[in-house]
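Colleague: I would like to learn how to read a pair of packed helices. Could you walk me through one?

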Amino acid sequence: ARHRAPVVAEPADPLAVAVNLGNLGSLYDPVLRYHEAEQLHLRALAIWEKTAEPHPNDRANCLNNLAALYESQGKIELAIPRLQQAVTIWEAAYTRKHPISATGMANLAAAYCRAKQFDKAESLLVESIAVFEQCLPPQHPKLAWTLSNYAYLLNNTDRRAEAKRLIGRAKLQRPLAAGFGE
């Protein structure tokens, strides 16, 4: 009998593989499969870093997702450098005044707050809020979330009156933003 050569599939698109690895990693995090999630995010990041064409948003999102995974495990010291890298990429791709860059700055500021590095967080929060107020509708959940984080910082740096004012502002915006999801 004659043997047929095995059918060899064309190699998968590495960028599609990176997207799928990152998505799968993001699914593993909430179900506490941290090691598997980390390995998937790191594999996706390696693909994004090897691509000839720059895909800055995808690479930065991958770094952001990896940082979120580390934060969910309390590994802030591993999250912060990834968030710093993501912000640098977004700023180069968009500008510092773009909502995507501002979201990255707000994420980095939140990590600094968790690490009690309030001096590093404050300017990022102030700048993020300014960008969100300029670019997003006033009821947007990102603005409410960032105002809440800034209020947390103010409260933890003994500026409670300012914190109370911002908490009130954030609470006013949250019910309006319920349809957007956070």
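**Reading a helix pair**

Modeller: Gladly! Helix α5 has 16 residues and reaches 22 Å from its first C-alpha to its last, close to the 22 Å expected at 1.5 Å a residue (the expected span is 1.5 Å times one less than the number of residues). This is a predicted model, where local features need pLDDT of at least 70, side-chain atom pairs count only at pLDDT 80 or more, and totals for chains, interfaces and linings use all residues. Residues are numbered from 1 along each chain as its sequence is written, and side-chain values use heavy atoms, leaving out hydrogens and water.

Colleague: How do I describe two helices together?

Modeller: Two packed helices are described by the angle between their axes and the distance between the axes. Here the axes of α5 (residues 99-114) and α7 (residues 141-156) come within 10 Å and cross at roughly 30°. That makes α5 roughly parallel to α7 (angles under 35 degrees count as roughly parallel).

Colleague: Which residues of α5 and α7 make the contact?

Modeller: Contact means heavy atoms within 4.5 Å. From α5 come T103, A106, N107, A110 and C113, and from α7 come K142, W145, T146, N149, Y152 and L153.

Colleague: How many residues of α5 are buried?

Modeller: Buried means under 20% relative accessible area, with a 1.4 Å probe and protein chains only. In α5, 13 of the 16 residues are buried, so this helix is mostly covered. The buried residues of α7 include L143, A144, L147 and Y150.

Colleague: And what follows α5 and α7?

Modeller: After α5 comes K116, with a positive phi near 60°. After α7 comes D158, whose phi is positive, near 60°.

Technical notes. Axes fitted to C-alpha atoms, helices over the stretch in contact; angles between N-to-C directions. Helix = DSSP H or I, 4+ residues; strand = E, 2+ residues; numbered from the N terminus. Parallel < 35°, antiparallel > 145°, perpendicular 65-115°, else oblique. Buried < 20%, exposed > 50% of the residue type's maximum accessible area, 1.4 Å probe, protein only.
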